[in-house]
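These are my notes from going through a model. I kept them in the order in which I looked things up.

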Amino acid sequence: MTIVARGLSVHRSGRSILYPTDIIIEPGERVGLVGASGSGKSTLGHALVDTLRARGQSVALVPQSPDDALDPLRSMQFHWREAERALGLDPDVVRRDALFEALRIEAGDMRKRPWAWSRGMQQRFVIALALLGAPDLLVMDEPTSALDPVVAAGTMNLLDAYLKERQTALLLITHDLGLAAARVSRLIVMDACHVVENAPTETVLATPQTSAAKALCAHRNWLELPC
Amino acid sequence: MASVLALFLRASVVLVCTALATFSLLWHAPGDPALAVAIARYQAVVPDAVLDQIRTEAGFNTGFWTAFASWLRPLLQGDFGQSAVTGRDVWPELVTAIGYTVPLAVLGLLIGLFFSIPLALLATKKPGGWLDRLAVALASIGAAIPAYWLGLLLILLFAVQLGWLPAMGARTSAHVILPALTLGLGVAASLTRILRSGLLEARGQSFLPAFRRRGISRRALERDHVAPHAAIPVITVFGLELAFLLEGAVMVEVIFARPGLGTFLVSAIEARDFPKVQAVVILTAVLFVTVNLLIDLLYRAIDPRIGERDA
C-alpha cells in the first residue's frame with residue numbers, strides 16, 4: 001500500500017518545528033531522510049509514524065538508541081510478549097525464531113533485562129520488535145548511530161535483505177549521507193524544519209540544488225565507508 | 001550473592017554498634033544511675049547500703065566491659081532483663097507497649113498511602129496545573145506542621161468542638177483514630193511529594209514514546225513501565241519514613257496520653273530505667289536494620305543493576 005501523508009506539521013510552544021510537508025512512499029521503496037542535526041528529520045519521522053498509526057496503518061519506528069526503545073527494568077521476554085499482545089498476536093516461538101534468524105540475533109537469555117545483552121543485539125532486538133507486526137513502512141531514526149561501523153553495516157545488510165523480501169518500505173532518517181546513499185533510491189533533504197529537496201539519490205548527489213544538500217554532499221568521502 | 005551476604009554482614013555490624021553506643025551513652029550519662037533508680041523505686045532518699053545493693057544488682061560497679069557483656073549475653077538470647085525500678089521483666093511490658101504502637105504506626109502509614117497515592121496521581125495528571133500546585137502546597141504545609149501542633153488542632157476540632165472522637169487514652173478502638181490521623185497526615189505529606197516527583201520522572205523516561213508507538217495502551221504503560229520506576233524512590237524513602245513513624249508515634253502517644261512504645265520510653269527515661277531504655281533502643285535498631293535490609297533486597301528484585309553496582 002502506498003504511504004500518503006499530506007500536510008504534516010508540528011508546533012511546539014507556539015512555534016513551528018515542522019512546516020507543512022507531504023510524504024509519499026511507494027511499497028517497498030527506500031527513502032533517505034537527511035539533514036543536519038536539528039533540521040527536523042526526527043520530528044518529521046515521528047509525526048509521520050503518529051499520523052499513520054492514528055489512521056490505523058501498519059507502521060513501526062526504530063528509535064535512535066535501544067535505550068529509547070526498551071525498559072531497563074523489564075526482561076526481553078516481557079518486551080516481546082507485550083509487543084505481541086499489543087498487535088493482537090498469539091505467542092509464537094516459530095515466528096520469533098524466524099525473525100531472530102533473519103536478523104542474526106544470537107538469542108541471549110530472554111529472561112535477562114536489556115542491559116545484559118550487547119548493544120548491537122539490543123538494537124537488532126528492537127528492529128525485530130518493529131518487524132513483528134509486518135509493517136508496511138519501517139521508519140528508522142539514526143538506527144546505527146549507537147553502534148560501531150562494523151556492527152552497523154552488518155545490521156543494515158541483514159535488514160535490507162529482509163525488507164526486500166517483504167516489500168516493506170523504509171524511511172531511513174540519518175545525518176550520515178554515506179549510510180543513506182548506498183541503501184536508498186530517493187533522498188529527502190531537510191533544512192530548518194522544511195523539506196528542501198526530494199529527488200532520486202543520484203540526482204541529489206550529482207547536482208545538489210540547495211545549500212543544505214551541498215553541505216551534506218561536501219562530505220562525499222563518507223561514501224567510501226563500508227556502511 | 002556475595003553482595004547479599006555483605007548486606008547481612010553490614011546489618012549485624014550496625015546492630016552490634018547500636019548496642020555498644022546505647023550502652024555507653026547511658027553508662028556515661030551524668031549523675032549516679034543508682035541514685036536515680038533508688039529514687040524511682042523508693043520515692044525517698046536511701047542509705048548508702050541500699051545504693052550499693054542497687055549497683056551490684058545492675059552490675060554498675062563491675063566496670064564498663066563486664067557490665068556490657070553481662071547485659072548483651074542474655075539479650076542475644078532474647079532476654080531483655082528486669083526493670084531497674086520495679087524488678088519485673090521488661091519483655092512482657094514491652095510487648096504490651098508494642099501492641100499499642102504497631103496498630104497506630106500501621107494505621108498511620110495506611111492513612112498516609114490512602115491520601116498520598118490519589119493526590120500524587122491527580123497532581124501529575126497535569127504537571128503545573130492548579131491541582132498540581134494545590135497538592136504541592138498541601139504537601140508542603142503538611143510537612144511543615146509539627147505532629148504535636150497538628151495533634152492539638154485535631155483534638156480541638158474533633159474532640160472538643162464536634163465531640164465526635166475521643167482524644168485521650170486507648171480504651172476503645174475509636175481512640176486510635178485521632179493519633180493515627182495525626183501521624184498519617186504527616187506521612188501523607190512527605191509521601192505525596194516523593195510519589196509526585198517519582199511519577200513525573202517515571203513518565204518522562206525516554207523509552208516511553210517508543211512503547212506508545214508500539215501500540216501499548218496507556219493503562220498497560222502506567223502499570224508495567226511507569227509504576228515500577230516510580231516505586232523505586234518511594235521504597236527508598238520508606239526506610240526513612242519508618243524513622244518518622246516511630247519518632248512521630250513517641251510524640252503522638254504522649255500528646256494523646258496513649259500507652260505504647262513512646263510512653264514506655266519516655267517514662268523509662270524519666271526513671272533512668274536502663275534495661276527498659278536499652279530494650280526500646282535495641283528493638284528500634286533491629287526494626288530499622290531489618291526494614292532496610294528488606295528494602296535493599298527488594299531493590300535488587302526490581303532493578304538488579306543496583307546490586308551489581310554495589311558489589
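This is a predicted model: local features need pLDDT of at least 70, side-chain atom pairs count only at pLDDT 80 or more; totals for chains, interfaces and linings use all residues.

**Entry 1: chain A overall.** I counted elements and found 8 helices and 8 strands in chain A. I then looked up the radius of gyration, which is 17 Å for chain A; the globule rule gives 17 Å for 227 residues, so chain A is as compact as a globular protein of that length. Along the principal axes, the C-alpha atoms of chain A fill a box of roughly 50 × 40 × 35 Å. I read off that 41% of the 227 residues of chain A count as buried. Of the contacts in chain A with a separation of 6 or more, 69% join residues 24 or more positions apart.

**Entry 2: chain B overall.** In chain B I found 13 helices and 0 strands. Its C-alpha atoms fill a box of roughly 85 × 60 × 30 Å along the principal axes. Here 31% of the 311 residues of chain B count as buried. For contacts in chain B with a separation of 6 or more, residues 24 or more positions apart account for 71%.

**Entry 3: H5 against H6 in chain B.** I looked up the packing of helix H5 (residues 90–123) of chain B on helix H6 (residues 130–144) of chain B: the angle is about 140° and the axes are 8 Å apart. H5(B) makes the contact with B:Leu119, B:Leu122 and B:Ala123, and H6(B) with B:Leu131, B:Asp132, B:Ala135 and B:Val136. By class, the contact of H5(B) with H6(B) has 6 nonpolar residues, no polar ones and 1 charged.

**Entry 4: the faces of H6(B).** I checked the length first: at 1.5 Å a residue, the 15 residues of H6(B) should span 21 Å, and the end C-alpha atoms are 21 Å apart, which agrees. Which residues of H6(B) are buried? I listed B:Ala135, B:Ala139 and B:Gly142. They cover an arc of only 65° around the axis, so they lie on the same side of H6(B). An α-helix has 3.6 residues a turn, so residues three or four places apart point the same way. The other side of H6(B) has B:Trp130, B:Arg133, B:Ala137, B:Ile141 and B:Ala144, which are exposed. I also looked for what covers the buried residues of H6(B), and this includes H5 and helix H8 (177–203) of chain B.

**Entry 5: positive phi in chain A.** Most residues other than glycine have a negative phi. I noted A:Ser13, not a glycine, with a positive phi of about 45°. A:Ser13 is in the loop between strand E1 (3–12) and strand E2 (15–25) of chain A. A:Gln167, also not a glycine, has a positive phi of about 60°. I placed A:Gln167 in the loop between helix H5 (149–166) and strand E6 (169–174) of chain A. Are these residues buried or exposed? A:Ser13 is exposed, with 5 other C-beta atoms within 10 Å. A:Gln167 is exposed, with 12 other C-beta atoms within 10 Å.

Notes:
Residues are numbered from 1 along each chain as its sequence is written. Chains are lettered from A and ligands numbered from 1 in the order in which they are written. Helices (H or I, at least four residues) and strands (E, at least two) are DSSP runs, numbered from the N terminus. The radius of gyration is taken over C-alpha atoms; the globule rule is 2.2 Å times the number of residues to the power 0.38. A residue is buried if 20 or more other C-beta atoms lie within 10 Å of its own, exposed if 12 or fewer, and partly exposed in between; C-beta atoms are placed from the backbone. Two residues are in contact if their C-beta atoms, placed from the backbone, lie within 7 Å. Axes are lines fitted to C-alpha atoms, for helices over the stretch in contact, and angles run from 0 to 180 degrees between N-to-C directions. Ala, Val, Leu, Ile, Met, Phe, Trp, Tyr, Cys and Pro count as nonpolar, Asp, Glu, Lys and Arg as charged, and the others, Gly among them, as polar. The expected span of a helix is 1.5 Å times one less than its number of residues. The arc is that of the directions from the helix axis to the C-beta atoms.
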